[in-house]
Amino acid sequence: MPIPRPDQRRHVLVDAADPHRRGAARGEQLRAHLPAALDVYDRLFALGGITPARVRDDAERALDAVGEFRPGARAEIEGIAHGAGLDPWRVAALNARTEILARSATVPPGECTTLVRRTTEPTGSTCSTDGPAPAVRTFGVQTWDWHVELSAHWHTLESRGGRHTVVGLTEDGILGKIGINGAGLALHFNILGHARDGVGGVPVHVLAAVVLAEAGSVAEAVDLVRGAPLTSSGSFALFDGTDATLLDLSPAGVFAVAPDERGLLVRTNHFLTPVPAAEEKSWLYQPDSGERHDFVRARLARLRPLPDTSQALARCLVTGPGEPPVTCLPDPAEALGRRWASLATVALDPATRTAAVLDGTPAELGARPWRTLTAT
């Protein structure tokens, strides 16, 4: 089944110091599109047995949690609603869609694959007699896999006016997802599943947006995340010009994974640390997540040398028939909630402060153009 895509992907540009005004500018640009995105999510919520009254209650609780954590983020969500002519809880439900859908056992996730590389290379000069000083580089790439019914309901984003300019990709109405900021901090995003996931803390999509808006380094980002009230799960692959880490976020706490001996981080959709893994919703993600993880790690282990750019690294995400679905194509025989697709491929590079977004799967590298956004 081909993935339907608009002839021209929307790009949303906002520039305002006041968060409500930033949100209103977003909402105005998305006004014609948000009702259709909400309709898809309403159908997914209903498929999961989540009543409209429960969705509204969950959304309002999530909005209150955001307001306690970062009043500016709440103001931006309310601004989107104002600009789009919607009730605030409707936009809050989009931002808390992960937490609300955690109630469902009938809408299984079929999520993303992320690769990050931290490489150390000699430079041409040194102040030491021991040899050239190393130059450290980091870069990453991921697929964003989600329901094919939402293929028209995402956009690239350039947000200015906060502490840092942020560029990247997000869904219509959702504050943030995947991106990089003007300080060179990059964030790749994957969903994980924990038995205690639910509503009550800061939604992970809102937390990703706050991290990119505020943090200027991996260390700052980790401190920010550790201070957030979390009642749901996810993974942030965080990297700046010199540092990289992979976080397991969960109601049980936040746990870090360092790059391996080759400087690689590989993430699919299961916990990589033991404490949250003990209460993982393994019935949702396995065996798919483990198979994708093992396949990509084995492919990388055979490569000599490793790819030296984020877009070259993206070729490691190309899979075909008989292989674990790192490149994810929807099955037309499946029903709503089970038609998974690689809606985008995103490459992040702290050295250039760029997010390159391919409106396509990794298998379409070279066949479709990248949109490159720079956070300056």
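At what angle do helix α3 and helix α4 pack, and how far apart are their axes?

**Entry 1: basis.** I am working with a predicted model, where local features need pLDDT of at least 70, side-chain atom pairs count only at pLDDT 80 or more, and totals for chains, interfaces and linings use all residues. Residues are numbered from 1 along each chain as its sequence is written, and side-chain values use heavy atoms, with hydrogens and water left out.

**Entry 2: α3 and α4.** I looked up helix α3 (residues 52-69) and helix α4 (residues 71-84) and found an angle of about 135°, with the axes 5 Å apart. Axes here are lines fitted to C-alpha atoms, for helices over the stretch in contact, and angles run from 0 to 180 degrees between N-to-C directions. That makes α3 oblique to α4; angles under 35 degrees count as roughly parallel, over 145 as roughly antiparallel, 65 to 115 as roughly perpendicular and the rest as oblique. I then listed the contact (heavy atoms within 4.5 Å): α3 supplies L63, D64, V66, G67 and F69, and α4 supplies P71, A73, R74, I77 and E78. By class I noted six nonpolar, one polar and three charged residues. Ala, Val, Leu, Ile, Met, Phe, Trp, Tyr, Cys and Pro count as nonpolar, Asp, Glu, Lys and Arg as charged, and the others, Gly among them, as polar.

**Entry 3: whole chain.** I noted 12 helices and 14 strands in the protein chain; these are DSSP runs, helices being H or I of at least four residues and strands E of at least two, numbered from the N terminus. Buried residues make up 59% of the 376; buried means under 20% relative accessible area, exposed over 50%, and partly exposed in between, with a 1.4 Å probe and protein chains only.

**Entry 4: backbone.** Most residues other than glycine have a negative phi, and most peptide bonds are trans. I found a cis peptide bond between R304 and P305, with omega about -5°. P305 sits in the loop between α11 (288-302) and α12 (310-313). R353, not a glycine, has a positive phi of about 55°. R353 lies in the loop between β12 (340-349) and β13 (354-358) and is partly exposed at 29% relative accessibility.
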